[in-house]
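Have the viewer open as you read.

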Amino acid sequence: WYGEKIEEAFSFVPQGSCMSYEEGVAKGMHELPKPLQVKLDKGLKFTKDEEKLLAARDQMEEDLHKDPVDRIRFEKEKEDYEYIVGGSWLIAEVEAARGGDLLTWCI
């Protein structure tokens, strides 16, 4: 997610709430909200959320001029159950990777 520390970001977004960049531009979503643009023009102080929005906009603008392979990657992290169901890890391996104390386990 633009404007976020990607290693700390997560979100649950319904597929119907997503749109392409081109759809967003057609709806005027690529422009800053007017109150924020006024603050920017006047050099006023921003809230933390406004600063994140501005940083996100700057990151996205930088990415637009890059080839898609060079843009910021937002890789999906696997959930614990995906490792187990996929057969690549045992439950104990997942627990150990998360810092659990296997000596206290009772199965």
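## Starting at Glu50

A polar atom in the side chain of Glu50 sits 2.8 Å from the backbone nitrogen of Thr47. Keep in mind that this is a predicted model. Glu50 itself belongs to helix α3. Skip the residues up to four places away in sequence, and Glu50 touches Leu36, Lys39 and Lys45.

One of those contacts deserves a second look. Lys39 and Glu50 form a salt bridge, with 2.8 Å between the closest N and O atoms. The pair ties together distant parts of the chain: Lys39 is in helix α2 (residues 34–42) and Glu50 is in helix α3 (residues 48–64), 11 residues apart. Is Lys39 buried or exposed, or something in between? With a relative accessibility of 21%, Lys39 counts as partly exposed, because the buried class takes in values under 20%.

## How α2 meets α3

Now zoom out from the Lys39–Glu50 pair to the two helices that carry it. Two packed helices are described by the angle between their axes and the distance between the axes. Here the axes of α2 and α3 come within 12 Å, crossing at roughly 85 degrees. That crossing falls in the 65 to 115 degree range, so α2 and α3 count as roughly perpendicular to each other.

Which residues make the contact between α2 and α3? On the α2 side they are Leu36, Lys39 and Leu40, and these meet Glu50, Leu53, Leu54 and Arg57 of α3. Sorted by class, the contact of α2 with α3 has four nonpolar residues, three charged ones and no polar ones.

## The other salt bridges

Side chains of opposite charge can pair when their charged atoms come close. How many salt bridges are there, using a cut-off of 4 Å between a side-chain nitrogen of Lys or Arg and a carboxyl oxygen of Asp or Glu? The count comes to three. Besides the Lys39–Glu50 pair, there is one between Arg57 and Asp58, whose closest N and O atoms are 3.2 Å apart. Arg57 is partly exposed, with 24% relative accessibility, and Asp58 is partly exposed as well, at 38%.

Asp63 and Lys66 form another salt bridge, with the closest N and O atoms 3.6 Å apart. What about the exposure of these two partners? Asp63 has a relative accessibility of 1%, so it counts as buried, whereas Lys66, at 35%, is partly exposed.

## Tyr21 and its surroundings

Over in helix α1 (residues 21–26) you'll find Tyr21. Its relative accessibility is 30%, which means Tyr21 counts as partly exposed. Setting aside residues up to four places away in sequence, Tyr21 touches His30, Met60, Glu61 and Leu64.

Take Leu64 from that set of contacts. Tyr21 and Leu64 are 43 residues apart along the chain, and their C-alpha atoms are separated by 9.8 Å.

## A loop residue: Ser88

Further along, Ser88 is part of the loop between α4 (80–85) and α5 (91–97). Ser88 is partly exposed, with a relative accessibility of 46%. Exposed would require a value over 50%. Which residues does Ser88 contact once its neighbours within four places in sequence are left out? They are Tyr83 and Glu93.

## The whole chain

The protein chain has five helices and zero strands, and reading along the sequence gives the pattern α-α-α-α-α. Of its 107 residues, 10% are buried, and Asp63, at 1% relative accessibility, is a buried residue.

As for contacts in the protein chain with a separation of 6 or more, 30% come from residues 24 or more positions apart.

Note on methods
Residues numbered from 1 in each chain as written. Predicted model: local features only at pLDDT ≥ 70, side-chain atom pairs only at ≥ 80, totals over all residues. Heavy atoms only, no water. Helix = DSSP H or I, 4+ residues; strand = E, 2+ residues; numbered from the N terminus. Buried < 20%, exposed > 50% of the residue type's maximum accessible area, 1.4 Å probe, protein only. Polar contact = N/O pair within 3.5 Å; in protein donor to acceptor, adjacent residues only side chain to side chain. Contact = heavy atoms within 4.5 Å. Axes fitted to C-alpha atoms, helices over the stretch in contact; angles between N-to-C directions. Parallel < 35°, antiparallel > 145°, perpendicular 65-115°, else oblique. Nonpolar A, V, L, I, M, F, W, Y, C, P; charged D, E, K, R; others polar.
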